[in-house]
Amino acid sequence: VIFDDSKEGSLHVAMEIATLIREKADKGQTCVLGLATGSSPIRVYEELVRMHKDEGLSFKNVVTFNLDEYYPMERNNIQSYHYFMHQHLFDHVDIPAANVNIPDGTVSADDLQDYCKDYERQIEAAGGLDFQLLGIGRTGHIGFNEPGSHFNSATRDITLDHITRVDAAPAFKGLENVPRKAITMGIGTIRKAKRIVLMAWGQNKSEIVKETVEGEISSEVPATYLQEHSNTTFVLDKEAAQNL
Ligand code: GLP
């Protein structure tokens, strides 16, 4: 779906999420959301916060699982995804703290594998992801599933691609400060979501959007795996869609 600009697209996505939350609440069910960070979803979160304040949209029945976190990373570090999510969404809505799950960048290296398995188990125990929000990196990553990621990969630690670290460098005030690793949900984890919406805005994303939508399915561009998911929508602005 192509919108005139990212604002229009973001409102559309926020509306879909709000409708799902309300439908689930009406049935007395929890709504399990997979959430993303980066600049792409910021307006969606802004709009959800507005709906909470102005329309009484409640997050009491919402359980969230974030896609990824840098590793190692302290929670209160302003570059952490933990900080980002609280700043843009969780601090402004009525979601119970116990319902918020974000990969923990402070687990010890020895505990990391068990921690990742447990994250995966918790998603399943919650009933699986009803909705997964995604952005896309210029390497074709979703979450931090960099080129080479397996179709069936689960939550795990991963080494970040050079391009990804270069893109993150301004936020970290220099490439040397960008962590080399991250914890990310896998492609397999994401593919199990009942509904997926990937958002991309701006000309900078137009090449990777074309490769993802029209290219051959390949681990070299992990986002191409979404072509095989039966309920995925790409929400784009005109600039991101210009090469399609
Ligand atoms: C990071 C995140 C991804 C995100 C990507 C794109 O690498 N791990 O989940 O999709 O950045 O970020 P942006 O939305 O800022 O372009």
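I began with exposure: a residue is buried if 20 or more other C-beta atoms lie within 10 Å of its own, exposed if 12 or fewer, and partly exposed in between, with C-beta atoms placed from the backbone. I noted that this is a predicted model, in which local features need pLDDT of at least 70, side-chain atom pairs count only at pLDDT 80 or more, and totals for chains, interfaces and linings use all residues. Residues are numbered from 1 along each chain as its sequence is written.

Entry: lysine 173. I counted 10 other C-beta atoms within 10 Å, so lysine 173 is exposed. I found lysine 173 in the loop between α5 (162–168) and β8 (181–184); helices (H or I, at least four residues) and strands (E, at least two) are DSSP runs, numbered from the N terminus. Lysine 173 is not a glycine, yet its phi is positive, about 55 degrees.

Entry: arginine 195. This residue sits in the loop between α6 (187–191) and β9 (196–200). Arginine 195 is partly exposed because it has 18 C-beta neighbours inside 10 Å. Apart from neighbours within four places in sequence, I found arginine 195 in contact with Asp130, Phe131 and Asn231; contact means C-beta atoms, placed from the backbone, within 7 Å. I also checked threonine 233, 38 residues away along the chain, and its C-alpha atom is 8.4 Å from that of arginine 195.

Entry: proline 72. I looked at the peptide bond from tyrosine 71 to proline 72 and found it cis, with omega near -10 degrees. Proline 72 belongs to the loop between β4 (68–71) and α3 (81–88).

Entry: the ligand. Which residues come nearest to it? Of the 13 residues around the ligand, they are Gly38, Ser39, Ser40, Gly135 and Gly137; a residue is near if its C-beta atom, placed from the backbone, lies within 6 Å.

Entry: the whole protein. I counted seven helices and 10 strands. The radius of gyration (over C-alpha atoms) is 17 Å, close to the 18 Å that the globule rule (2.2 Å times the number of residues to the power 0.38) gives for 244 residues, so the protein is as compact as a globular protein of that length. Along its principal axes the C-alpha trace spans about 45 × 45 × 35 Å. Of the 244 residues, 41% count as buried.

Entry: confidence. The mean pLDDT (the predictor's confidence in each residue, from 0 to 100) is 98, and 100% of residues reach 70 or more. The model scores ipTM 0.96 and pTM 0.98.

Terms used. Two residues are in contact if their C-beta atoms, placed from the backbone, lie within 7 Å.
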